[in-house]
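Let's walk through this structure together, one region at a time.

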Amino acid sequence: MQGVLAVFPQLDAVCDAIRDLKARKVPKVTVYSPTIHHEIDDAIDAPTSVVRVFTLIGASLGVTFGYWVSIWSSQYWPLQVGGKAIASWIPYTIMGFEMFVMVGCLSTVAGMFINAQIPRLVTNFGYDARFTHGDYGIWIETTPDKFAELEATLKSHGAVEVRGER
Amino acid sequence: MATTAKPVQGKIKRPNIPSAGIQVPAVSSFEQVDDEILATLKPSSKWFMGLGLAIAAMLVGASAWTYQIYWGLGNAGYVPPVMWGVYIITFVFWVGIGHAGTLISAILYLFRAGFRTTIYRASEAMTVFAVMTAGLFPIIHIGRPWKFFLLIPYPNWRLLFPQFKSPLLWDVFAISTYLTISTTFLYLGLIPDFAVMRDKETNPIRKRIFAMLSLGWKNTDREWRHFAKMYMFLAAFSTPLVLSVHSVVSFDFAMALTPGWHTTIFPPYFVGGAIFSGFAMVWTILIPIRKWWNLEHYVTLNHLDATAKVVLFTSIMVGSGYLSEFFIAWFSGVAPEQEYFWNRVFGQWWWAGWILLLCNMIFPLSLFSQKLRRNPTWLFILSIIINIGMWYERFVIVVPSLSHEFEPWQWTHYTPSWIDMCFLVGSFGWFFMWFLLFIKQMPVIAIAEVKEIVPPKMKNDHGGHH
């Protein structure tokens with residue numbers, strides 16, 4: 001993997017650079033930010049996260065499992081209590097709810113991990129430790145022949161450091 | 001995480017500013033956030049002293065458990081029919097303490113309450129350790145802790161399964177779900193902070209550990225986008241979970257026909273009480289932390305003021321629950337119910353009943369005073385009073401009901417044994433040991449989230465552009 005990494009100290013500078021890169025249709029741009037900023041979200045204009053699909057699937061499977069395990073095991077080992085039906089759906093709603101929450105949450109986390117591509121083993125390429133501290137960054141995956149042009153663009157928007165990595 | 005930040009609201013006219021607009025005006029840059037919060041990780045003599053005390057208390061409980069396992073459950077002070085005592089009281093107490101953390105991190109997140117930002121990490125950690133503490137007590141209570149696995153519905157050679165209509169089994173599911181989700185919530189919120197620690201760490205071994213814990217987090221737009229969505233869903237799941245867990249715990253009582261227990265008011269009354277005691281514990285741990293680690297400009301008087309309003313509200317809610325119980329007992333015309341409630345305040349258990357009413361209904365009324373709401377010393381004292389009151393609330397629910405049931409020949413007394421009291425002390429030791437270890441290894445205030453409410457640097461920097 002090779003590309004250009006730029007460091008910006010200011011939020012509006014990085015947003016301007018993102019908009020410019022979008023206007024020029026530069027592909028494979030990654031933006032770094034020490035925290036979430038709506039200004040960056042607006043500039044990137046990324047599609048809505050698909051994590052919700054994982055949530056829906058996980059929560060549906062969880063609630064189904066919660067009811068199923070209670071009903072199946074009650075019928076397998078029937079215990080008559082207080083004249084209630086062997087499979088009483090009202091008390092089993094608690095199992096359904098707890099499994100709904102548990103599996104729904106864990107599948108949401110799995111969805112985040114898959115989509116955000118973590119855990120990741122290597123962080124030292126196309127990255128700078130300043131991005132967790134206070135600075136913003138842009139990484140553009142590209143070929144060395146475009147380095148000079150991109151460096152000029154990024155510096156024109158206020159990048160304090162631009163370096164090619166290969 | 002994310003989008004809790006709000007612009008600073010106009011000019012502040014009075015100290016009693018609306019909770020949702022609370023910010024940290026004395027924090028001006030991301031570098032300051034990193035430096036000041038990470039400075040709390042350096043061990044100090046006060047921390048070592050606190051940890052030593054906590055471990056000593058924990059060992060008291062561990063010794064009592066060893067003694068009880070060897071000599072049997074007869075040492076627990078149970079007198080038939082009072083076969084639930086300090087263990088179940090303390091279990092309910094710690095589950096209740098655990099409520100504030102998820103309420104702060106999930107419900108206040110969904111409500112966009114600004115005052116949660118700097119207090120939620122400590123509260124979440126408190127939740128995890130409180131639920132870990134609570135979870136020990138049913139295991140202690142069954143007497144043979146190695147048989148605990150029988151509560152879990154796993155396929156086994158005997159083809160036996162637990163009774164899914166039993167509130168005790170609902171508890172197993174509720175508490176284990178709550179512990180799993182609270183721990184997940186705590187860990188996921190820590191990932192961006194682990195990345196900060198990884199990048200600032202110079203010791204290669206610690207750096208490697210933080211690199212593993214941060215899962216290679218790089219603060220990319222892709223990570224933040226999915227992270228924010230995930231966080232919102234987790235908060236949305238955790239909100240009903242918070243309400244359900246203590247409702248399920250209340251079913252342990254409300255599903256029984258015992259006088260004082262068999263009432264539909266229990267779920268909201270338990271949830272209100274749990275939030276009430278949980279917030280009090282947040283004060284117990286946060287007020288010394290903000291003082292000793294110079295974090296008073298992160299956890300400001302405005303934050304304490306806002307939490308005090310929650311405590312006041314929940315105190316009134318719990319107080320209404322107490323009064324409603326008396327009314328319902330009178331209005332129902334059921335003699336054992338009326339007898340139980342009379343016994344609670346004017347009979348055998350009057351002292352416990354009045355401790356409960358004074359600590360949970362009367363003292364918190366002081367929070368109508370803005371001056372007291374903004375006085376950390378008073379809030380700390382009040383937090384201890386409230387937690388004593390809330391332990392007694394559970395005592396009053398468990399013991400007087402069981403010792404004064406339908407049959408007069410069964411009426412009896414109950415005094416906790418020294419083993420019971422050792423377990424109570426041990427539970428505090430266990431809780432504080434984990435909490436103190438946590439605050440020296442991980443940031444007690446969420447670094448990445450505080451950065452959301454700090455104005456970022458701009459080309460033409462006027463501040464407050466966020």
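**A guided walk through chains A and B**

N294(B) sits in the loop between α9 and α10 (301-332) of chain B. Keep in mind as you look that this is a predicted model. The phi angle of N294(B) is near 50°, a positive value in a residue other than glycine. Is N294(B) buried or exposed? With 12 other C-beta atoms within 10 Å, N294(B) is exposed, because a residue with 12 or fewer such neighbours falls in that class.

You will find K28(A) in the loop between α1 (11-23) and β2 (29-32) of chain A. K28(A) has 10 other C-beta atoms within 10 Å and is exposed.

While we are looking at loops, let's check the backbone for cis peptide bonds. One joins I118(A) and P119(A), with omega about 0°. P119(A) belongs to the loop between α4 (89-116) and α5 (130-133) of chain A. In chain B, the bond from P80(B) to P81(B) is cis, with omega near 5°, and P81(B) is in the loop between α2 (45-71) and α3 (86-97) of that chain.

Now turn to helix packing. Two packed helices are described by the angle between their axes and the distance between the axes. Take helix α4 (residues 99-110) of chain B, which packs against helix α8 (residues 221-254) of chain B at an angle of about 140°, with the axes 8 Å apart. That angle makes α4(B) oblique to α8(B), since roughly antiparallel would need an angle over 145 degrees. The crossing of α4(B) past α8(B) is left-handed. Among the residues making this contact are L103(B), A106(B) and I107(B) of α4(B), together with A235(B), L241(B) and V242(B) of α8(B). By class, the contact of α4(B) with α8(B) has 9 nonpolar, 5 polar and no charged residues.

How does α4(B) pack with helix α9 (residues 266-292) of chain B? Here the angle is about 90° and the axes are 7 Å apart, so α4(B) and α9(B) are roughly perpendicular to each other. H99(B), A100(B), G101(B) and L103(B) of α4(B) take part, and the α9(B) side includes G278(B), F279(B) and V282(B). This contact of α4(B) with α9(B) has 7 nonpolar, 3 polar and no charged residues.

The largest nonpolar core has 160 residues, of which V95(B), M126(B), F279(B), V282(B), F435(B) and V450(B) touch the most other members. Beyond its neighbours within four places in sequence, M126(B) is in contact with I97(B), G101(B), M281(B), V282(B), I285(B) and F435(B). A second, separate core of 25 residues includes L5(A), C15(A), Y136(A) and L150(A).

V450(B) lies in helix α16 of chain B, and counts as buried because it has 25 C-beta neighbours inside 10 Å. Once neighbours within four places in sequence are set aside, the contacts of V450(B) include V24(B), V27(B), T117(B) and Y298(B).

Finally, look at where the chains meet. In all, 52 residues of chain B are in contact with 58 residues of chain A. On the chain B side, α1 (30-38), α6 (167-200), α8 and α16 (447-452) each supply at least two residues. The largest share, 16 residues, comes from α8(B). The residues on this side of chain B divide into 28 nonpolar, 10 polar and 14 charged.

Key
Residues numbered from 1 in each chain as written. Chains lettered and ligands numbered in written order. Predicted model: local features only at pLDDT ≥ 70, side-chain atom pairs only at ≥ 80, totals over all residues. Axes fitted to C-alpha atoms, helices over the stretch in contact; angles between N-to-C directions. Helix = DSSP H or I, 4+ residues; strand = E, 2+ residues; numbered from the N terminus. Parallel < 35°, antiparallel > 145°, perpendicular 65-115°, else oblique. Left-handed = near helix turned anticlockwise from the far one by under 90°. Contact = placed C-beta atoms within 7 Å. Nonpolar A, V, L, I, M, F, W, Y, C, P; charged D, E, K, R; others polar. Core = buried A, V, L, I, M, F, W, Y, C linked by C-beta atoms within 7 Å. Buried ≥ 20, exposed ≤ 12 C-beta atoms within 10 Å, placed from the backbone.
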